[in-house]
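Q: Could you take me through one part of this model closely, namely how its metal ions are held? I'd like to know which atoms do the holding and where they sit along the chain.

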Amino acid sequence: MEKENFLNILQQSEILTDVKESVLPALSARGLAFGFSGTTEVAGYEVHICIGASTHFPLREPIFFLLNHKDFEKIPHVEEDGYICYTNDDSLVLDIGNAEGIIRESFELVRQTIIKGFLKQNLNDFYNEYEAYWAKLKNQTIVYTNILVADEVKGVKYTRVREARHLFASSDEAERINSFHRLFNSKNSPPQFQNGLFIPLLPNAKVFIPEGNTSLTIDTIKHLISHHTSVDNKERINKALAKTKIDDLIIFSLPQPNGKFSLFGIRLKGINHRIHPLLNADTNTTITPLRVRHLDPEYMLARGGTGQTFLSKKVLVIGGGSVGSAVCEEIIKAGILSVDIIDKDTIEPENCYRHNCGYKYISLKKAEAIKTKLESYYPHCKVTAFSMSIEDGFNKRKINLQQYDAIIVATGNGTINQYLNEVFRAQIPGIPILFSWLDPYAIGGHCLLTNITDKGCYQCLYQNGSLHNTASFSAPTQPKSFSKSISGCSSMYIPYGSLDALQTAILTVRKLLDVFLKREEQNAIFSWKGNPDLFLSEGYNLSARFHQNDEQLNSAKYLFLQPNCRVCGNK
Ligand SMILES: [Zn+2]
Ligand SMILES: [Zn+2]
């Protein structure tokens, strides 16, 4: 929008009086095309406001500055240049057909932000956003950390990450150090760690709010430690600082009013021999504020929307094909970080467009490929790969079924599945088993949840010794085989695509989580239906079950069990 148009609309909106064009340097510094200043009254105070816009207004919301913020006590959400953060972009939906409405509504949010600040109703926001204030300090650099926050002062290991040109600080626990090697792929050239310190500040500590673009001083940190740490921790700090060093790194944690933690740090360089600057006067030491990037699983999982509900669960996936490999990835993304995968096959070129691991992994064993890929994508997961058949896994005593909270069977092989069904019933009754498979030609996919209760097992799907799976969407009798072959029997395959494999994997992982959350507590069969056009055009026949609608399928989900099943039925 042109400047003149914007001015007209702004004047119509009557949010400000004395409107003039503004030459505030912050306008161009924040990438805005123009701005206008004016005056209004908020909570009984006269405030001078600048409203800036980019040429993309009204597609991009206007930006407001509180010009006379120095006349008042510091309030949350107003930055050094007066910038008022009144929304985060995603939560505000603008009616781009109503530019004046946008100006009015966004100004109302600005007004509320200022009022809450003046009336001290949002002081907690200072501490909830403490990391953001710390990040405004002069000369700050970044430190990546996976520190496990605790109530006690403890040592940390820190190093410079060569390829990233940043610092990294880890708690001393073996699991955290390991995750460092995974994050930065540094197993081959192990870094030299130095010893730093983790200092937890007390809950409700009213620590100073850093002013933007100011330098940090050693006295500020001394004050922080002396006023906002516990007596026991002060003792630990003094002990730790007494050790000789020329370089130090400290990470502080500050409990936020909202129950989370802020982390921030300092780096000290050029420490005088034997005299730590936090214990003695020392003018030669330089202090650098460190802005923290969180790499701890607690933070990353929470921010990923996953949470930590399933962290203690361990799942075995049998079969690492297109369904099994997608299942592995989705369960890890759901926060189940401990996954075992067993598959004897190798990734072939023809697998690439439907397997979770593509071209990069060709000629690797599927189980190994899944482990390699997922451990590099999700730095806190632990995938154990068994490159063998499940029968060998049992015979060689590699697989101990007792350790799993659930097992997913994605072999795509009805014969093996019948065998596994009997093994599980005998050895681990009560442990949820999810059989997962696809129908040919994208007509659907299925997930049988079983072994939770006694009745209703995989064998129930094969009635009276028939070789036809009764859950299937294809009819028992067909004019020809489903397998297609490009170059003879050695490369037979049943046609389906990646989306169908994914859809089946998603269905299966949803049901797994439902079981863990106790939303499913009975053996049941779940299916998704695809488009049958291709299947029918090839001359194949659909089963009666395919013609049930989703509601009918759902209401019949428990009815698959056979009272005379040779495995779970009445003998
Ligand atoms: Zn803010
Ligand atoms: Zn049965």
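A: Happy to! Donors here are N, O and S atoms within 2.8 Å of the metal (3.2 Å for Na, K and Ca), and water is not among the atoms, so sites may look incomplete. This is a predicted model, in which local features need pLDDT of at least 70 and side-chain atom pairs count only at pLDDT 80 or more, while totals for chains, interfaces and linings use all residues. Residues are numbered from 1 along each chain as its sequence is written, chains are lettered from A and ligands numbered from 1 in the order in which they are written, and side-chain values use heavy atoms, with hydrogens and water left out.

Because C457 sits in the loop between β17 (444-450) and β18 (484-485) and C565 in the segment after α16 (550-555), the pair ties together parts that are 108 residues apart in sequence. Helices (H or I, at least four residues) and strands (E, at least two) are DSSP runs, numbered from the N terminus. C457 is buried, at 0% relative accessibility, and C565 is buried too, with a relative accessible area of 6%. Buried means under 20% relative accessible area, exposed over 50%, and partly exposed in between (1.4 Å probe, protein chains only).

Now for the other zinc ion, ligand 1. Its protein donors are H77 (ND1), C85 (SG) and E129 (OE), at 2.1 to 2.8 Å, and their spacing along the chain reads H-x7-C-x43-E. H77 belongs to the loop between β4 (63-66) and α3 (99-118), and E129 to the loop between α4 (124-128) and α5 (130-134), so this pair ties together parts that are 52 residues apart in sequence. H77 is buried, with a relative accessible area of 11%, whereas E129 is partly exposed, at 30%.
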